Number of protein chains: 2
Amino acid sequence: MPFGSCPLPILDHKEVLLGHGSGGVLTSQLIEGLFLPAFGNPILDRLDDQAVIDVEGARLAFTTDSYVVTPLFFPGGDIGSLAIHGTVNDLAMSGARPLYVSVGFILEEGLPIEDLHRIVLSMREAARASDVSVVTGDTKVVGKGSGDKIFINTSGIGVLPHGIQISAERARPGDAVLLSGSVGDHGMAIMTKREGLGLGGAIASDTAPLHGLVARMLEACPDLHVLRDPTRGGVAGVLCEIASRAGVGIEIDETAIPVREDVRGACEILGFDPLYVANEGKLVALVPAGSAEGVLIAMREHERGRSAVGIGGVTAEHPGVVVMRTAIGGRRVLERPYGELLPRIC
Amino acid sequence: MPFGSCPLPILDHKEVLLGHGSGGVLTSQLIEGLFLPAFGNPILDRLDDQAVIDVEGARLAFTTDSYVVTPLFFPGGDIGSLAIHGTVNDLAMSGARPLYVSVGFILEEGLPIEDLHRIVLSMREAARASDVSVVTGDTKVVGKGSGDKIFINTSGIGVLPHGIQISAERARPGDAVLLSGSVGDHGMAIMTKREGLGLGGAIASDTAPLHGLVARMLEACPDLHVLRDPTRGGVAGVLCEIASRAGVGIEIDETAIPVREDVRGACEILGFDPLYVANEGKLVALVPAGSAEGVLIAMREHERGRSAVGIGGVTAEHPGVVVMRTAIGGRRVLERPYGELLPRIC
């Protein structure tokens, strides 16, 4: 990393756009054009959803996420439960056992204490269900109009068993691609709530902790190659990122991907592809082909993986590219999302 | 901690006020009335500026802070350097050696990439000077008017030598109270910049990492009782908190407390008491009386402690109360700040 001279990076835009927070191409431009040249080090450069660090012989996972979802309360959860689950899941995706969480609130002047109380109680329940303790925190307040009710940052620490090596870079031709359940629930819960769409019953977010599911999967196969929770950018975004990072091709079957009927309906009405819609209680796993059946059985024994399915595999062909065999028998390249599909979804 | 029923806490106000972020009485109401009943556990209940946790035999310090300072750029620093120094200092105040930092950005749509770049470069330099690596991060973007240019959360992990026990609870009658340098610089740098006051040369923030100074102090006296960086609420706020937490009295001499001439002048013009104004590169230490001289000598050998002085001592009298002997020979009780003196100072 060159110090000293550091020219302004060449990005597509000179101002921050909503799309820079999408988890898509614009986010990558910020990360690769601006953050990595400044902060780059071998730990950060892995670009997984968590850092794996060694401290005094302990192997730790460390992660951070800010939550700006709107509305604050939605079917299936709220910004509080989301803030705990999201960070717990980022830890779990490394194979770590989540232990400790920090909470940083940025409150807008005028937020009803009652809303804050409800959010905090939801965080408490989510922390309990996730087997983590909130051990440190911070509160800032900004004036009316300088924030939007409440933003929450959670950072988390987990402990990682020696020998576990889960990273996007480990995707290998021959790996099976597994998915723990239906896609698009969280994003469509937020969007239908925002749009006031009833659709014969509210769509509920799938927000949930995944550390228990991952623990079961690791028992079945300690050599899991890749785990990702498909949040911003959805399953398509995560698969494109893995293909690009590992320099492999990925092929999936559209018909194998579970989508709830109400989610599919909402996607059609609002013009979204469920493969690109955020999830908050699902994971994608790449595992050695020989272990796939055993891992799937283990997943289905866990409440968060009842509907787990194999959706495709990794190939040495078309490196960096994800191809989907469509329901009508065609082949479609899944593009990485460029900008923002669903602002402030998490 | 009772689960199940959890009535809305009785606070002075039903809505969040700027004062809830002050670090004063209103902040305590939020913490003690709302956060602790929900999250309380023996680690959080210590209410120090960092959690001390044991992970696989390693003793770690873990802390989080969000930064919402305005303006973003000010004499002596910016929101980026502040975000690194603040978290490094929260770790250092436990005696820990800071190691790893996470960065979470909440960007407002429209922020010039050039400003973000400048802030990120400043964070890089601050991280380098603080001997920490940025190992994980997150970026969210909110629409125009839903944020204020940029908010930054940093969380940090440090390693704590076994045997070091630094906590507000350890203040004991007989302890000497030491201060590492002049007070009020940071707060007055922000305020004079905001107000456009020139005052014959800009007042510079004292923002700086303190881990090196703390390491020197620990060499001189491994049994430091209390360390605090007097940020929000200033030296008075920190001393009041220590007195209350440890159930001891504290007496200090007004004439012993260094205040730069330009800071004193700005405080007079703007109506602030420098004892209550935020610092970002200073610390208060409570040490056994017999070690005070040795610690002071060690502090003065370090660039961040050149002007270190003894400002008073701990007494068994008037527990919970801080008394200042004034310049004109009177005695004044230092009250804990109630609400907000200086909004968005950090």
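Student: How many residues does helix 4 of chain B have, and what span does the helix reach from its first C-alpha to its last?

Tutor: Helix 4 of chain B, residues 113-129, has 17 residues and reaches 24 Å between its first and last C-alpha, close to the 24 Å expected at 1.5 Å a residue. Keep in mind that this is a predicted model.

Student: Which residues of helix 4 of chain B are buried?

Tutor: Among them are Ile113(B), Leu116(B), His117(B), Ile119(B) and Val120(B). Further along, Ser122(B), Met123(B), Arg124(B), Ala126(B) and Ala127(B) are buried too.

Student: And what covers those buried residues?

Tutor: The cover includes helix 1 (25-39) of chain A. From chain B, it includes strand 3 (73-74), strand 4 (77-78), helix 3 (79-92), strand 5 (97-108) and strand 7 (150-159). After helix 4 of chain B comes Asp131(B), with a positive phi near 60 degrees.

Student: Let me turn to helix 4 of chain A. Why is that helix described as largely enclosed by the rest of the structure?

Tutor: Count its buried residues: eight of the 11 in helix 4 of chain A (residues 185-195) are buried, so the helix is largely enclosed by the rest of the structure. The buried ones are Asp185(A), His186(A), Gly187(A), Met188(A), Ala189(A), Ile190(A), Met191(A) and Thr192(A). They pack against strand 3 (73-74), helix 2 (79-92) and helix 7 (261-270) of chain A.

Student: Which residue follows helix 4 of chain A, and what is its phi?

Tutor: Gly196(A) follows, and its phi is positive, near 70 degrees.

Student: Now the strands. How should I read the side chains along one?

Tutor: In a regular strand, side chains alternate between the two faces of the sheet. Take strand 8 (residues 176-179) of chain A: Ala176(A) and Leu178(A) point one way, Val177(A) and Leu179(A) point the other way, and all are buried.

Student: Which strands pair with strand 8 of chain A?

Tutor: Strand 11 (residues 284-287) of chain A pairs with strand 8 in the antiparallel sense over four bridges, with Leu179(A) opposite Val284(A). Strand 12 of chain A also runs antiparallel to strand 8 and is joined to it by four bridges; there, Leu178(A) stands opposite Gly310(A).

Student: What is the strand order in the open sheet of five strands in chain A?

Tutor: The order is 1-2-7-5-6, and the pairing is mixed. Strand 1 (51-55) and strand 6 (133-142) stand at the edges with a single partner strand each, so one side of each has no neighbour in the sheet. From one strand to the next, the twist averages 20 degrees.

Student: In what sense does strand 6 of chain A pair with strand 5 of chain A, and over how many bridges?

Tutor: Strand 5 (residues 97-108) and strand 6 of chain A are parallel, paired over nine bridges. Glu108(A), for example, has Val142(A) in strand 6 as its bridge partner.

Student: Let me try a loop residue. Is Ala316(A) buried or exposed?

Tutor: Ala316(A) is exposed, with a relative accessible area of 58%. Its place is the loop between strand 12 (309-315) and strand 13 (322-325) of chain A. Ser167(A) is 149 residues away along the chain, and 18 Å separates the C-alpha atoms of Ser167(A) and Ala316(A).

Student: Last topic: how many cavities of 30 Å³ or more does a search of the whole structure find?

Tutor: Five. The largest cavity holds about 160 Å³ of space and is lined by 18 residues. Of those, Ser22(B), Arg232(B), Glu340(B), Leu342(B) and Ile345(B) lie nearest its centre.

Terms used
Residues numbered from 1 in each chain as written. Chains lettered and ligands numbered in written order. Predicted model: local features only at pLDDT ≥ 70, side-chain atom pairs only at ≥ 80, totals over all residues. Heavy atoms only, no water. Buried < 20%, exposed > 50% of the residue type's maximum accessible area, 1.4 Å probe, protein only. Helix = DSSP H or I, 4+ residues; strand = E, 2+ residues; numbered from the N terminus. Contact = heavy atoms within 4.5 Å. Pairing = 2+ DSSP bridges. Axes fitted to C-alpha atoms, helices over the stretch in contact; angles between N-to-C directions. Expected span 1.5 Å × (residues − 1). 1 Å grid on protein atoms, 1.4 Å probe; cavity = no way out; pocket = protein on both sides within 12 Å on 5 of 7 lines; lining within 4 Å. Points joined across faces, edges and corners; volume = space filled by probe spheres on them.
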